[in-house]
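Okay, thanks for coming, everyone. Let me put the model up on the screen, and then I'll walk you through it.

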Amino acid sequence: MLKRLRIRERLRHAAWPAGLAGAVLALAGVTLAIDRQADRHLLADAERAAKGWARHIAVNVPDIDLLFSGERPTPQAQERLTALRNTAGLFRFKLYDPEGDLQLVSDSVGTTPRPEDRLAEGRDKALRAARGGASVVELHRGDAGRPAVYSEAYVPVLHGRQVIGVIEVYLDQTDVALTTAASFRAAALTASSALGLVFLVGALAWGWRARQHRDNERRVQFLSRHDVLTGALNAGHFRDALARACGEQATGVPGLAVLCIDLDRFSDVNDAHGRAHGDRLLRLVTERLVGVLRGDDLLTRLAGDRFAVLQREVADSQSVKGLAQRIVDSLAQPYAIAGAGSRLVVTASVGAAIRGVDGDDADSLLHNAELALQRAKGIGSGSWSFYDAALDGALQERRALAHDLREALAQGTLELHFQPLFAARGSVLTGYEALARWPHPTRGLVPPSEFIPVAEETGQIEALGRWVLHTACREAAGWPGSLSVAVNLSPAQFRREGAIAAEVQAALAASSLAPSRLELEITESLLMNHTEQVLDALRALQAMGARIAMDDFGTGYSSLAYLWRFPFDKLKIDRAFTQGLGGDGKVDAIVHSIVTLAHSLAIRVNAEGVETEAQRQALARHGCDELQGFLLGRPRPAGGLLHRAQGQAVTSVTTQAPVEVVVAEPAAVLHPAAAAC
């Protein structure tokens, strides 16, 4: 009996360490399972974010298909690609062609990838992603020179059903890993506490642990479906919910809409205040978006500063318009962020697509809402827009036009025409304005209003401007010495400090044209951004002897603010005022005021768009120094210019009336005010 009691006592004492060992083993198993679940969550988050960034790069970088085929990026593409680095966790990316060959590395956007970048391992993964049509994602920790935790994802980019390339995205997941680890550590601590309570108090602890386990499962489930930073749905779960919602609706019946939202110039916040403040701003934006949505609506953060909303129970387009406007108004209010120094103001653009009108499935609705968003951003900051089916066709059309323009520049098939400039009396020829013309082999004559914006958007405007400048100077060098040539400059030509002055100097040197015979025209929009840098460039141009003219004067809201800051040589009154002369006394008063103001500042005045004799006489009465328009002469190729008919009767294109063209002598003074210039 005593022996039996002693055995029972030993067993009772041995139960404590055995139970403790069991609890430790159980805790280790739970910890291992939680660590694995955390890694799976990080990989899923990395894949979603990588797809979002790949889609963002493919949509926003001009001519992405050409980059995949090995062409070097344009200046605008370089600017867009460079701006993407270190934005919202993206710290590196690479572009591969469909065969897995490396074409571009973000570390050196403008140069050919280095041999050390062409790793066989990277090529194999890119080729696997391209051929499989699915992303390849890996998680890394502790690599030298890299973030503590980062993901490497290879995402195929498709055009229709064809893979046109692979984007390798490197994402800094240190913060996400810390947040996720903290959440899962809490789950581990809760689990260990539950095991301890089970060990200590038995059945009561089992019930408590069961409740905690359910809470932990809900927390893990929440993390698997939501964005860690903002709490909004993650992109994957949002797409699933959108697909289910589309499947529940009868085909062709509008009942839901997708709105894509993008913060305007959000990168400026990160640059000026740091990423931490940018993250706080994203959380505040999420709170405001939740505040304007209804209970059944869904919100997701697609990537970076881009969000999307699933609006349910859409009766008509008016309800979508109302929500879009509420979003724009709400997000435009100032944000108070501690440590930012001042209240931040960030606007947003919104694009909307309605099911049954703009698409029937999740992919088409999201795609069309993205296109509508691009249209809204083109309108201006703080705008919204519906999807227009013409957007797809217009996008393809602009891409084709951009390709043809690049070939035209390379092959030299563009032409330069010259419109004559006359003294106010309409008979003394003072020079010409150079105007680019594009005779397309299949489209016919493409107007500048179409190909100039395409050149600006695709980064070809600098090459186009360089060709116009050099060609105009070369042609003008062969004219009589009293004739000048006017060349329009684009804001893009002023982006690189000192570049435009060097280009003008090179054109003058190559053509031997006297600098005083070159007139450079700018618009007010150029002065709206980076004013000091632009004014420095204009001063450098004027210092070398070129003359500076402000084009389209009177159409902006702050033109007068620049007249005292820079000594312009000429103002060009916009054609809208010329067309209004004689029909509205207010227009005559405005034109007279502009001329009087300019002459008081020793600035000559040109009037564009002169099409009738009455307009010419009215402008002469108001004291304009120089006129141009179809009444006096249409733009012509270099071989048919009016000065080549000096001393002969030349027939006006509009009036068919003989006009004797007289080339101005170098010493001639066309208006008393010109003597002060």
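So, we're looking at 21 helices and 23 strands; helices are DSSP runs of H or I with at least four residues, strands are E runs of at least two, and both are numbered from the N terminus. This is a predicted model, so to speak of local features we need pLDDT of at least 70, side-chain atom pairs count only at pLDDT 80 or more, and totals for chains, interfaces and linings use all residues. Residues are numbered from 1 along each chain as its sequence is written, and side-chain values use heavy atoms, with hydrogens and water left out.

How confident is the predictor? The average pLDDT, which is its confidence in each residue from 0 to 100, is 81 for the protein, and 82% of the residues score at least 70. Residues 1-5 stay under 50, with zero contacts beyond four places in sequence; contact here means heavy atoms within 4.5 Å. Residues 646-677 are also below 50, but that stretch has 63 contacts in the model beyond near neighbours in sequence. Where pLDDT is low, the predicted coordinates should not be read in detail.

Now the sheet. It's open, with five strands in the order β7-β8-β6-β9-β10 and mixed pairing; to pair, two strands need at least two DSSP bridges between them. At the edges sit β7 (298-303) and β10 (384-386), each pairing on one side only. From one strand to the next, the twist averages 20°, with axes being lines fitted to C-alpha atoms, for helices over the stretch in contact, and angles running from 0 to 180 degrees between N-to-C directions. β9, residues 348-354, pairs with β10 in the parallel sense over three bridges, and G351 has S385 in β10 as its bridge partner.

What about the inside? Buried means under 20% relative accessible area, exposed over 50%, partly exposed in between, using a 1.4 Å probe and protein chains only; 48% of the 677 residues count as buried. A nonpolar core is a set of buried Ala, Val, Leu, Ile, Met, Phe, Trp, Tyr and Cys residues joined through side-chain atoms within 4.5 Å. The largest has 77 residues, and F418, L518, L520, L538, L541 and F568 touch the most other members. Helix α14 (461-476) gives the most to this core, seven residues. A second, separate core has 32 residues, including L263 and V309.

Definitions and conventions: pLDDT = per-residue confidence, 0-100.
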